[in-house]
Amino acid sequence: MTRLLSSARAVCGLSVLLFSAGCGGRPAEFDVGYDPGHQQATDPADPSGNLQVRGLTGSVALLDPALNEVMMFTSPAVRELRTTRLPVGLNVAEFKTSAKRDKLFVLSRGVTPRYRSTDEPPQLRVFDGGSAPKELENVELQDPYNQLEVDPQGEWLLVHGSEGLVSNPNELLLVHLGAGAGAGATLTSKTLGSYGGKPLRFTFTGALSVPGAAPRRLLVVQREKDLAILDLSQPEDPEITVALPQDAKPLDVVYHDGIDGEVSSLLGVQLDGDTNVDLLTINEAESADHAFSVHPNLVDVGGLPSKLDFVQTRKDGGLRLAALVPTKQAAKLIDPSSGVAQEVPLHAAFTKIRRITNDISEKSGEDIALLYGEATNTIAFWRLGITTGTPYHSIEAYDIGIKVGQVFDIPSDQDATFADRKILSGTSVGNTLQFYVLDLTQQKSFPLDVLKNLTLNLSPSGQQLWAFGNDRGFAQLTFDPLQPASLYTQEPIVFVHDFATERGEDERSALALHILPNHGHSSVAATLFDGKNPDTAQTKFYSELELEGIK
Amino acid sequence: MTRKHWSRLLGGVACALAPLLVAGHATAAEADVAPAGPSTEGGLGNHQRNVRVEIGARTQFIKGSGFDPFSTDDVLPQLSLGASFAFWSQNELSLAAVAGFDYGTSSASLRSDKASLDVRRFSLAPEARYHVLRILALTAKVGPTLTREAADVSGPLGSPMLKTGWKFGFDATVGAALELWGYANSNSHKPRLWLMGEGGYGWTSAMKLAFKPEDAGSVPQRLSPLDLGDLSVSGPLFRVTAGLSFW
């Protein structure tokens with residue numbers, strides 16, 4: 001009997017052991033369906049639309065909101081796909097790239113409210129957008145923020161928009177990104193003095209020369225009633241506040257480095273619903289608190305300006321602030337020294353101006369600007385150098401038959417061969433959209449018709465663009481020769497992008513992304529093409545990518 | 001009720017009965033007294049040498065990550081069928097040939113997908129039995145298995161993704177067999193009712209889970225196989241069966 005009881009105990013012990021062995025389970029990620037992250041589509045030039053996906057130089061980043069991770073799709077070789085998962089933090093508020101598309105920035109709010117010290121704090125993470133994705137920086141923040149501004153030159157990030165029971169909209173966090181690998185980001189917290197205004201927009205200037213001081217970059221904070229100007233070389237210094245006339249709201253700020261011996265660095269401020277333009281001159285310091293001073297000069301342009309830009313009317317000089325006044329079908333050229341505005345009649349009510357001088361290889365020293373707008377079928381090249389005295393002869397207008405809504409620059413970071421081309425995207429009429437490829441050097445425009453309203457995405461290589469809709473077809477357009485190729489996938493497309501493979505820039509893969517309905521949730525799939533010579537008959541299809549990388 | 005439900009039910013019953021197996025023995029042994037006829041002299045007779053058919057549940061605990069897509073709890077419940085022939089005996093020791101068949105399925109959500117696994121295992125093994133009592137024998141068994149594994153993942157494409165394979169392996173178990181009902185007379189030819197329980201380890205060679213569509217014509221061309229790693233249906237197992245013996 002004793003032997004029997006011993007056996008019973010042994011079997012019971014074994015059963016308990018076996019049951020405990022079965023309690024291990026599996027990765028909790030398997031229990032969470034995939035649904036894509038969405039954002040408000042505010043920028044019509046953003047090919048991501050309302051989807052939290054970003055095309056980078058060596059990868060495509062797709063947010064996996066349920067798992068608080070980003071899936072970085074890279075390509076080991078042409079048409080091959082690899083998925084790397086990287087944590088992004090809880091409650092992603094912003095998902096952006098650098099202007100060069102070599103970095104991905106993710107702002108997360110963490111656990112809110114944060115009752116325990118172990119709860120994840122708000123964070124700003126920076127990821128390498130190349131073919132070997134990794135986290136470069138992780139900056140822990142004190143409070144959750146909602147908004148992230150990216151410096152076009154890639155040096156700074158601006159975090160703002162805290163959301164709490166009590167929050168100060170004038171509280172800004174300036175993040176200076178490390179210049180090299182391993183160089184950490186530095187954080188500067190700024191609380192702007194305010195007379196009641198909240199930040200509306202931000203402008204990072206280029207390096208502006210300052211009399212008696214080293215050139216420096218500025219951050220211009222456009223607020224409801226004034227401007228706050230921060231010196232980015234001394235971010236801890238107090239800001240300079242510039243009141244705007246009649247408490248007008250600023251609409252846009254443009255800047256120019258000035259011209260030696262003629263005029264100092266300048267800021268031009270467009271005001272909302274105001275015919276005046278505020279011209280701010282950067283002068284030498286007048287107090288020990290700041291390295292420079294700002295002197296405003298209000299100039300009436302005779303109508304509501306739609307766009308401002310600085311232009312030069314002669315080589316090494318003749319700087320003017322150009323203001324387009326569509327109601328008068330004219331432009332005003334404001335001499336910053338005297339404040340005198342000269343009117344230049346235009347062929348049409350252009351609403352936008354883009355200085356294209358630097359994009360044309362043969363420079364005469366005079367500026368050339370492209371005029372366009374959504375209210376006219378005409379575009380014009382405005383040669384500023386011969387404006388004075390003979391303003392009509394300075395403008396060459398072309399009726400291209402479409403109203404231009406967007407002008408896209410060809411990326412020239414990797415290859416500047418086609419920097420003299422612009423993509424003019426028409427405003428859509430019904431289901432059709434027309435776009436033009438503009439050759440600035442030869443002043444030729446090439447119309448391209450598309451059957452559907454397509455989204456354009458320029459390759460980071462600067463060699464081609466992709467046009468896609470939400471159907472199964474998309475197009476590659478190379479710039480030399482200017483040759484569109486129609487391509488097809490077997491599933492509906494939400495995004496197309498090409499990027500360098502892990503073997504280098506010479507090999508590229510193009511990824512057509514699919515978000516497919518799947519048992520009440522979604523699934524990620526991709527069709528991979530040769531990024532340089534895509535062919536519908538030579539693709540590779542990858543499905544269920546949301547499962548990749550889960551361990 | 002589908003096969004899946006039956007196997008789950010049996011798996012649950014097996015798990016629930018496991019701790020009670022031996023605890024319940026005393027009652028069962030006493031129950032045997034009532035219908036038992038007069039005892040016989042000399043030897044265990046067909047308490048020991050018999051043909052036995054069994055049905056029950058096998059539960060296997062699979063920790064390998066390859067099983068994760070198909071189960072939320074690492075448990076594979078199976079319907080277990082078996083037949084044995086005790087062909088040799090000496091004193092309390094006997095030897096039987098055992099043939100078995102286990103069938104089980106497991107399914108789970110795999111993020112947005114649905115994944116399921118169908119396992120059919122055939123086994124053949126010698127089993128050593130040692131009667132510590134007339135109605136209680138301890139058992140030990142090691143033998144090869146041949147398992148058919150069929151995995152499928154139902155995703156967003158027009159066709160389920162499948163992977164099937166036959167894999168060799170082995171089961172090694174020890175346990176006990178309790179005669180719940182039967183005449184004490186070792187020469188009685190009446191059937192005897194048995195309750196068996198055993199535990200051990202089952203190992204099956206790994207199958208690479210590289211899925212391909214069931215209907216290649218309804219999915220995109222040049223589909224890259226869905227790769228979920230390697231599946232090895234291996235781990236500790238527990239089996240509880242009820243059987244009838246004859247001779």
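Which members of the 28 residues in the largest nonpolar core touch the most other members? In this predicted model, local features need pLDDT of at least 70 and side-chain atom pairs count only at pLDDT 80 or more, while totals for chains, interfaces and linings use all residues. Residues are numbered from 1 along each chain as its sequence is written, chains are lettered from A and ligands numbered from 1 in the order in which they are written, and side-chain values use heavy atoms, with hydrogens and water left out.

The residues in question are Phe70(B), Leu209(B), Phe211(B), Leu228(B) and Leu231(B). A nonpolar core here is a set of buried Ala, Val, Leu, Ile, Met, Phe, Trp, Tyr and Cys residues joined through side-chain atoms within 4.5 Å. Buried means under 20% relative accessible area, exposed means over 50%, and partly exposed is in between (1.4 Å probe, protein chains only). Strand 4 (113–133), strand 5, strand 8 (207–213) and strand 9 (226–231) of chain B are the elements that give two or more residues to this core. Helices (H or I, at least four residues) and strands (E, at least two) are DSSP runs, numbered from the N terminus. Apart from this core lies another one, of 27 residues, and among them are Tyr34(A), Leu62(A), Met71(A) and Tyr542(A). As a general point, nonpolar side chains tend to be buried together in soluble globular proteins.

Back to Phe70(B). Setting aside neighbours within four places in sequence, Phe70(B) has contacts (heavy atoms within 4.5 Å) with a list of residues that includes Ser106(B), Ala115(B), Leu117(B), Ala151(B) and Asp152(B). Leu209(B), Phe211(B) and Leu231(B) are on that list as well.

Now for chain B as a whole. Chain B has three helices and 10 strands, and along the sequence the pattern runs α-α-α-β-β-β-β-β-β-β-β-β-β. Of the 247 residues in chain B, 50% are buried. Take the contacts in chain B between residues at least 6 apart in sequence: 71% of them join residues at least 24 apart. Chain B exposes about 10,300 Å², and carbon and sulfur atoms supply 64% of that area. Accessible areas come from the Shrake-Rupley method with a 1.4 Å probe, and for residues only the protein chains shown count as cover.

Chain B also carries nonpolar side chains on its surface. Val51(B), Phe85(B), Phe87(B), Trp88(B), Leu93(B), Leu95(B), Tyr130(B), Leu138(B) and Trp247(B) make a nonpolar surface patch of about 780 Å². Patches are made of residues with over 30% relative accessible area and no salt bridge, with like charges joined within 9 Å and nonpolar side chains (Val, Leu, Ile, Met, Phe, Trp, Tyr) within 5 Å. A salt bridge is a side-chain nitrogen of Lys or Arg within 4 Å of a carboxyl oxygen of Asp or Glu. Strand 2 (75–90) and strand 3 (93–110) of chain B each give two or more residues to the patch, and strand 2 has the largest share, three residues. Leu138(B) sits in strand 5 (residues 136–154) and counts as partly exposed because its relative accessibility is 33%.

Two residues of chain B stand out for their backbone angles. Asn91(B), in the loop between strand 2 and strand 3, is not a glycine but has a positive phi of about 55°. Asn91(B) counts as exposed because its relative accessibility is 64%. Arg222(B) lies in the loop between strand 8 and strand 9, also with a positive phi, near 50°. Its relative accessible area is 35%, so Arg222(B) is partly exposed.

Chain A has cis peptide bonds to look at. One runs from Thr112(A) to Pro113(A), with omega near -10°, and Pro113(A) is in the loop between strand 6 (103–108) and strand 7 (123–128). Another joins Asp480(A) and Pro481(A), with omega about -5°; Pro481(A) is in the loop between strand 35 (473–479) and strand 36 (482–488).

Lys532(A) is in the loop between strand 39 (521–530) and strand 40 (540–542) of chain A. Its C-alpha atom is 9.3 Å from that of Gln476(A), although the two residues are 56 residues apart along the chain. Leaving aside neighbours within four places in sequence, Lys532(A) is in contact with Gln464(A), Gln476(A), Glu505(A), Asp506(A) and Arg508(A).
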